[in-house]
Amino acid sequence: MKITAQDIKTVASLSRLKIRAEEEAEVTSQLDKFLAYVENLQTIDTTNIEPTTYALPMQNVFRADEVKPSLERDLALSNAPLKEDGYFKVPKVLEG
């Protein structure tokens, strides 16, 4: 697949990258080599290979959900930089 200068400009615009004119030839060459490599990978026969998300078997490692006593309010608030009426106080983030 041959990459054109216009392709580089389009990709740069879509990805919000600024590519200087003197870098354009190098970037074009690099992207062309990358796509040639990907094209080469597409020739590999994968008909008997099962699709996988992970290379190794995965299993959930969630702990059992057990009811436990919670942290005392005063202890939880002890290191809070701002607190008010027994709650954490945070700056307002919505403008209105």
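Predicted model: local features only at pLDDT ≥ 70, side-chain atom pairs only at ≥ 80, totals over all residues.
Is E23 buried, exposed or partly exposed? With a relative accessibility of 27%, E23 counts as partly exposed.

1. Helix α1 covers residues 5-14 and helix α2 covers residues 21-41. Their axes come within 10 Å and cross at roughly 90°, which means that α1 is roughly perpendicular to α2.

2. Next, look at where these helices touch. On the α1 side you will find A5, I8 and K9, and on the α2 side E24, V27, T28 and L31. Sorted by class, this contact of α1 with α2 has four nonpolar residues, one polar residue and two charged residues.

3. Apart from neighbours within four places in sequence, E24 is in contact with A5, I8, K9 and I19.

4. T28 counts as buried because its relative accessible area is 13%, and the cut-off for buried is under 20%. Leaving aside neighbours within four places in sequence, T28 is in contact with I3 and I8.

5. Still in helix α2, have a look at F34. Its relative accessibility is 49%, so F34 counts as partly exposed.

6. Two residues have backbone angles worth checking. As background, most residues other than glycine have a negative phi. R16, in the loop between α1 and α2, has a positive phi near 55° without being a glycine. R16 counts as exposed, because its relative accessibility is 75%. D85 is not a glycine either, and its phi is positive at about 55°. You will find D85 in the loop between β1 (83-84) and β2 (87-88), and at 69% relative accessibility D85 counts as exposed.

7. Now for the charged pairs. How many salt bridges does a search of the whole structure find? The search finds four. One of them joins K89 and E84, with 3.0 Å from N to O. Both partners count as partly exposed: K89 has a relative accessibility of 43%, and E84 has 42%.

8. Salt bridges that share partners also join R20, E22 and E23 into one network. R20 pairs with E22, their closest N and O atoms being 2.9 Å apart, and R20 also meets E23 in a salt bridge of 3.2 Å, N to O. R20 and E22 are both exposed, whereas E23, the residue we opened with, is partly exposed.

Terms used: Residues numbered from 1 in each chain as written. Heavy atoms only, no water. Axes fitted to C-alpha atoms, helices over the stretch in contact; angles between N-to-C directions. Helix = DSSP H or I, 4+ residues; strand = E, 2+ residues; numbered from the N terminus. Parallel < 35°, antiparallel > 145°, perpendicular 65-115°, else oblique. Contact = heavy atoms within 4.5 Å. Nonpolar A, V, L, I, M, F, W, Y, C, P; charged D, E, K, R; others polar. Buried < 20%, exposed > 50% of the residue type's maximum accessible area, 1.4 Å probe, protein only. Salt bridge = Lys/Arg side-chain N within 4 Å of Asp/Glu carboxyl O.
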